[in-house]
Amino acid sequence: MRNLGLPAGPRHILAQAMGGIRVVLFAILTIILSPDLTRAATTSITTGSDWQTGTLDGVESTSTEGELKLDPSGSWGAQSWKTPDKTIGIGSAFTSDGGKIYVFRGYGDVAFWRYTPTTDSWETLPNAPRGVYYGSEMQYHDGYIYALFGGYQKAFARFSIAGNAWEMMPDFPSFVWQGGALTSDGTYLYGIPGNTTQEFYRFNFGTNSWTSLTQAPNTLRSGADLTYINGYIYTPRGVATNTFYRYSISENSWSVMASLPTTLNDEIDNTTDGIDLYVSRQQGTNSFYRYNVASDTWDILTNAPYTAQYAGIQYL
């Protein structure tokens with residue numbers, strides 16, 4: 001926490017009282033400096049700039065005016081973040097534009113939200129043009145959020161971030177169900193319908209059309225999710241297996257890579273830092289893994305603080 005010159009005793013008590021949760025500073029923070037009865041016994045802090053003149057230990061106060069947050073150190077912590085006004089469940093989907101996170105609620109609903117981490121705030125966006133269910137997916141590309149809606153639908157649409165509006169696109173070639181996924185290499189969009197198929201497609205923005213690519217080595221369903229990293233697209237097979245595939249864009253071919261540390265059989269949403277791949281198992285577990293692209297090996301990481309299902313992870 002921030003040290004403004006308090007004696008050691010009170011400073012330690014305040015740190016313990018925080019207990020690892022966010023402390024909200026409402027309007028004016030008054031800190032007692034002395035038990036003396038003189039009027040000089042208090043200091044009032046009214047702005048972030050005043051607060052920044054002290055020192056910081058274990059927390060940060062720059063992301064939101066008037067608030068303290070625990071400072072992340074590369075491991076899971078007891079941090080508390082705001083949630084949207086409705087629960088997230090079956091058919092939920094997640095993507096990021098690099099600064100904000102976009103979320104489909106799921107449950108067959110059309111609710112569509114945007115989360116801003118720097119202000120820990122949620123914003124309700126225009127409703128999705130279709131209800132979303134198993135297999136729904138979103139992918140950011142060049143100012144737009146592209147979406148499949150799952151639920152045995154072929155519907156394909158995009159959301160203009162600048163225009164704050166949805167636009168229907170040419171239908172996906174196949175009905176999308178559990179394991180449906182999208183990814184982008186910065187030039188094209190790639191998609192699978194899941195649904196216990198091997199189908200794999202590429203969307204060309206120039207021709208506004210889908211093209212069939214070499215099929216996956218085996219059927220894909222719950223647990224599959226596409227992630228692009230440096231010329232390759234990675235996906236678990238899912239279907240209660242630990243099989244893991246890599247697709248070479250330049251060669252239009254698939255390879256079987258190192259097996260996952262566990263089986264996957266739930267709707268998942270993987271992410272990458274541009275170097276490695278991160279996987280949350282879901283299935284009511286808190287298991288968390290990293291795939292090392294360079295060495296084709298898996299690491300078992302520190303468990304997430306809570307069990308998860310129908311949730312997603314995003315790297316920012």
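This is a predicted model: local features need pLDDT of at least 70, side-chain atom pairs count only at pLDDT 80 or more; totals for chains, interfaces and linings use all residues.
Two strands pair if DSSP finds at least two bridges between them. Strands are DSSP runs of E with at least two residues, and helices are runs of H or I with at least four, both numbered from the N terminus. By these rules, strand E11 (residues 144–148) and strand E12 (residues 156–160) pair in the antiparallel sense over 5 bridges.

Residues are numbered from 1 along each chain as its sequence is written, and side-chain values use heavy atoms, with hydrogens and water left out.

**Overall make-up**

The protein has 2 helices and 25 strands. Of its 316 residues, 45% count as buried (buried is under 20% relative accessible area, exposed over 50%, partly exposed in between, with a 1.4 Å probe and protein chains only). The accessible surface comes to about 15,000 Å². Carbon and sulfur atoms hold 51% of that surface. Areas come from the Shrake-Rupley method with a 1.4 Å probe; for residues, only the protein chains shown count as cover. A contact means heavy atoms within 4.5 Å. Among contacts between residues at least 6 apart in sequence, 43% join residues at least 24 apart.

**Two open sheets**

E11 and E12 belong to an open sheet of 4 strands, ordered E10-E11-E12-E13 with antiparallel pairing. Strand E10 (137–141) and strand E13 (165–169) are the edge strands, and each pairs on one side only. Neighbouring strands here are turned by 25° against each other on average, direction ignored. Axes are lines fitted to C-alpha atoms, for helices over the stretch in contact, and angles run from 0 to 180 degrees between N-to-C directions.

Another open sheet of 4 strands has the order E18-E19-E20-E21, again with antiparallel pairing. Strand E18 (227–229) and strand E21 (253–256) each have a single partner strand, so one side of each is left without a neighbour in the sheet. The twist averages 30° from one strand to the next. Strand E20 (residues 244–248) pairs with E21 over 4 bridges in the antiparallel sense. Ser248 stands opposite Ser253 in E21.

**Cavities and a pocket**

On a 1 Å grid over the protein atoms alone, a cavity is a set of points where a 1.4 Å probe fits but cannot get out; a pocket is an open set with protein on both sides within 12 Å along at least five of seven lines; lining residues have an atom within 4 Å of a point. Grid points are joined across faces, edges and corners, and a volume is the space filled by probe spheres set on the points. A search of the whole structure finds 2 cavities of 30 Å³ or more.

| Space | Volume | Lining |
|---|---|---|
| Largest cavity | about 130 Å³ | 15 residues |
| Second largest pocket | about 490 Å³ | 27 residues |

Ser92, Ser136, Glu267, Ile268 and Asp269 lie nearest the centre of the largest cavity. For the second largest pocket, the closest to the centre are Ser96, Gln139, Thr271, Thr272 and Gln314. Strand E6 (93–96), E10, strand E14 (181–184), E18 and strand E22 (271–272) each supply at least two residues of this pocket's lining. E10 gives the most, with 4 residues.

**A buried loop residue**

Gln282 lies in the loop between strand E23 (277–280) and strand E24 (288–292). Gln282 is buried, with a relative accessible area of 1%. Not counting residues up to four places away in sequence, Gln282 touches Asp266, Glu267, Ile268, Ala308, Gln309, Tyr310 and Ala311. Glu267 and Ile268 also lie among the residues nearest the centre of the largest cavity.
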